[in-house]
Amino acid sequence: MGIARYAFKGKRRFNIRTFDTGDTGEFTNREEAVNEFVENLLVINKKQQKLYSERKEGVIFVFQAMDAAGKDGVIRTVFSTLSPHGVKEYCFKVPSAEEKSHDFLWRFWSALPPRGFISIFNRSYYEDVLVGKVHAFYKHDIVPDRMKEADIIAERYRQINDFEKYLYETGTRVVKIFLNVSKDEQARRFISRIDTQRKNWKVSSGDLKEREYWDDYMEAFETMVNETSTKNSPWYVVPADHKWFARLLVSRIVKKTLEEIDPQYPPLDEATATMLQEYRKTLIESLGGEDYYKEQEKQPKEFSDPSLIPAEMLQQEALQKQQESEERLKQNGFKAVRKLLATNYMIRSLNDIVEAVAQQGDEDRLEPSSEEGANEEENTRDAAEIREHIKEIVEANQEDDDNA
Ligand code: ATP
Ligand code: MG
């Protein structure tokens, strides 16, 4: 199943009262979704490389949600395989005095992505028709008389549509994602943030206060989606009571968006192609001439998929010790990381990997390869060695990065 039923492109109306925030699509549990999630991230990684190399189109992914709907977790996981050089996240908070002294779209111009780049808007100008609408902040603005007569929120919908249309026509695509969590699930997440010491920093009294306006917010979200969904700048409403499903769905949306853009590595012009061939000759000569390729063939092959960095790191380290068992180790590295993703959807620290590999090793003793002659003792030794080795790395890099 795709993402069509969650997409709003200007034709279908969004009704927030009948929307199922606990929806998990065709899945009954997160384990079923893991493989697809990992695969989507790999595709996203590849497409971003092309997007960046092509420098044709910029993309903005806008995220809006009530507090604790999981925005940060979605962003952290779904964009985790992107290369930092082509992506930037902007968190828009309560406007500063300087920002307030300008029109409401002013502060977003400097966050627009250059062609080939992705901007993530963690909150956006949509706050001005959400919190701005719920609390009617615009009433306190000092503005020319003509603005006092206007229906400010209705005008903002139109101005936002104009702004996004302008961006689309000038080379920037805007895709909007609303993580829709239920009021009960929000309460559960707030309780967990209060009960868990390492999550305490996330709780603010403001969050609890905004919860009192829940119904007003729901009305504002519904109207926002209905007023600002267009074919070229669609809204996606993502059921967010299950974090794993929200993350999966957003990975589909990002993948689909990049597939639609369909970026390609730019072709070389003839002069550059000739120049590269000249360079190549010089380089090969500097490495021993004709025998160069023969020598290369003798070199051990590196794993070719750089996208799953933790898995690859695992593999690379292991490879140095056990070159013959490379394929088997690769499979187990992936397996361990996939399992980790199944339970967590994220890798918080190297310790997580150590534990996953250790468990994997214990469970199936790093499954014997199908090759004849591979014996169990050897496999167990592999597991122990990797574990030891990774522990060393972890100890050398001990750091508490637990921000689940
Ligand atoms: P976190 O996950 O860390 O809580 P957050 O996005 O909720 O992230 P906060 O600093 O808690 O960050 O909240 C930002 C606040 O800024 C939100 O309450 C949001 O409504 C508010 N805000 C953003 N834009 C505007 C705006 N234009 N006018 C008024 N308030 C705004
Ligand atoms: Mg907050």
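**Stop 1: helix 2 against helix 11**

Select residues 71-78, which form helix 2, together with helix 11; in this predicted model their axes come within 10 Å and cross at roughly 50°. That angle makes helix 2 oblique to helix 11, and the crossing is right-handed. To see the contact itself, display the side chains of Gly73, Val74, Thr77 and Val78 on helix 2, and those of Lys243, Ala246, Arg247, Val250, Ser251 and Val254 on helix 11. Coloured by class, this contact of helix 2 with helix 11 shows five nonpolar, three polar and two charged residues.

**Stop 2: helix 1 against helix 11**

Helix 1 passes helix 11 in a left-handed crossing.

For the contact, select the following residues:

- On helix 1: Arg30, Ala33, Glu36, Phe37, Asn40, Leu41, Val43, Ile44, Lys47, Gln48 and Leu51.
- On helix 11: Trp244, Phe245, Arg247, Leu248, Ser251, Arg252, Val254, Lys255, Leu258, Glu259 and Ile261.

By class, the contact of helix 1 with helix 11 comprises twelve nonpolar, three polar and seven charged residues. Arg247, Ser251 and Val254 of helix 11 take part in this contact and also in the contact with helix 2.

**Stop 3: the surroundings of ligand 1**

Next, centre the view on ligand 1, which is surrounded by 15 residues. Begin with the closest of them, namely Lys93, Val94, Glu127, Asp128 and Val131. Taken as a whole, the shell around ligand 1 has seven charged, five nonpolar and three polar residues.

**Stop 4: confidence along the chain**

Finally, colour the chain by pLDDT. The mean for the chain is 85, and 74% of its residues reach 70 or more. Then move to residues 398-404, over which pLDDT stays under 50 and for which the model has six contacts beyond four places in sequence. Where pLDDT is low, the predicted coordinates should not be read in detail.

Notes:
Residues are numbered from 1 along each chain as its sequence is written. Chains are lettered from A and ligands numbered from 1 in the order in which they are written. This is a predicted model: local features need pLDDT of at least 70, side-chain atom pairs count only at pLDDT 80 or more; totals for chains, interfaces and linings use all residues. A crossing is left-handed if the near helix is turned anticlockwise from the far one by less than a right angle, and right-handed if clockwise. Helices (H or I, at least four residues) and strands (E, at least two) are DSSP runs, numbered from the N terminus. Two residues are in contact if their C-beta atoms, placed from the backbone, lie within 7 Å. Ala, Val, Leu, Ile, Met, Phe, Trp, Tyr, Cys and Pro count as nonpolar, Asp, Glu, Lys and Arg as charged, and the others, Gly among them, as polar. A residue is near a molecule or strand if its C-beta atom, placed from the backbone, lies within 6 Å of it. Axes are lines fitted to C-alpha atoms, for helices over the stretch in contact, and angles run from 0 to 180 degrees between N-to-C directions. Angles under 35 degrees count as roughly parallel, over 145 as roughly antiparallel, 65 to 115 as roughly perpendicular and the rest as oblique. pLDDT is the predictor's confidence in each residue, from 0 to 100.
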